[in-house]
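Thanks, everyone. Let me put the chain on the screen and walk you through the fold, then a few residues.

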Amino acid sequence: MDLKPEEKVTVLLQTLDFHINEIHRREESEKTWFEWASTLLLATFGAIIALAGSSKPLQQPILIKLLATVLILIPSLISISRILDVAKSSSRNAEIVEHIEDLLHLFDSGFYDEKSIYPNRWHGKLAQNMLKRKTPKYFVGIIGLMTFCVIAAVWLIL
């Protein structure tokens with residue numbers, strides 16, 4: 001298939017738009033996983049506090065505590081894993097965006113104007129910066145801390 005230069009530019013622009021939107025969608029996905037996990041952990045903590053006032057002792061407390069620990073750990077670890085995977089995927093999308101920017105000569109002085117469209121210091125930095133983002137690390141750290149606290153509450157309060 002032989003495409004005219006205008007058609008090639010159109011394909012590149014549509015692909016660029018898709019991958020930029022995909023980066024934003026993945027960032028939103030990270031946030032959704034974090035919100036889901038933190039809500040689940042807060043609800044579990046609230047249930048533990050509510051059960052702490054119960055005057056009826058638990059039958060087989062060790063088994064119930066182990067089961068509660070597993071039921072808290074599994075969703076938390078899945079959330080952490082998904083957040084980290086989504087963050088890594090965003091970096092791959094950023095690499096594609098950088099390649100398309102190069103093909104469109106967005107950093108080349110004199111191609112569109114005397115100066116390049118983007119500052120030269122941005123060239124090749126998007127994928128690196130996506131990997132350096134701290135938000136996914138904060139999300140993972142908060143979920144990890146909350147998980148530890150909820151499991152500690154299970155063992156100390158119940």
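Helices here are DSSP runs of H or I with at least four residues, strands are runs of E with at least two, and both are numbered from the N terminus. This is a predicted model, where local features need pLDDT of at least 70, side-chain atom pairs count only at pLDDT 80 or more, and totals for chains, interfaces and linings use all residues. Residues are numbered from 1 along each chain as its sequence is written, and side-chain values use heavy atoms, with hydrogens and water left out.

Now the overall form. From the N terminus, the order is α-α-α-α. The radius of gyration is 24 Å, well over the 15 Å that the globule rule gives for 158 residues, so the chain is more spread out than a compact globule. That radius is taken over C-alpha atoms, and the rule is 2.2 Å times the number of residues to the power 0.38. The C-alpha trace spans about 80 × 35 × 20 Å along its principal axes.

How much of the chain is buried? Of the 158 residues, 32% count as buried. Buried means under 20% relative accessible area, exposed means over 50%, and partly exposed is in between, with a 1.4 Å probe and protein chains only.

Next, contacts, meaning heavy atoms within 4.5 Å. Take those with a separation of 6 or more: residues 24 or more positions apart account for 83% of them.

L131 gives us a local example. It sits in helix α3, which runs 126-132. L131 is exposed, at 53% relative accessibility. Beyond its neighbours within four places in sequence, L131 contacts S91 and K137. Its C-alpha is 7.3 Å from that of A87, 44 residues away in sequence.

On to the loops. Which residues other than glycine have a positive phi? Q60 is one, with phi near 50°. H105 is another, at about 60°. Most residues other than glycine have a negative phi. Q60 lies in the loop between α1 (5-52) and α2 (61-103). H105 is in the loop between α2 and α3. Q60 is exposed at 57%, while H105 is partly exposed at 28%.

Last, I49. This residue is in helix α1 and partly exposed, at 41% relative accessibility. I49 belongs to a nonpolar surface patch with F45, L156 and I157. Like charges are joined within 9 Å, and nonpolar side chains (Val, Leu, Ile, Met, Phe, Trp, Tyr) within 5 Å. Together the four expose about 380 Å², by the Shrake-Rupley method with a 1.4 Å probe, counting only the protein chains shown as cover. Helices α1 and α4 (135-157) each supply at least two of the patch residues.

Technical notes. Patches are made of residues with over 30% relative accessible area and no salt bridge: like charges are joined within 9 Å, nonpolar side chains (Val, Leu, Ile, Met, Phe, Trp, Tyr) within 5 Å. A salt bridge is a side-chain nitrogen of Lys or Arg within 4 Å of a carboxyl oxygen of Asp or Glu.
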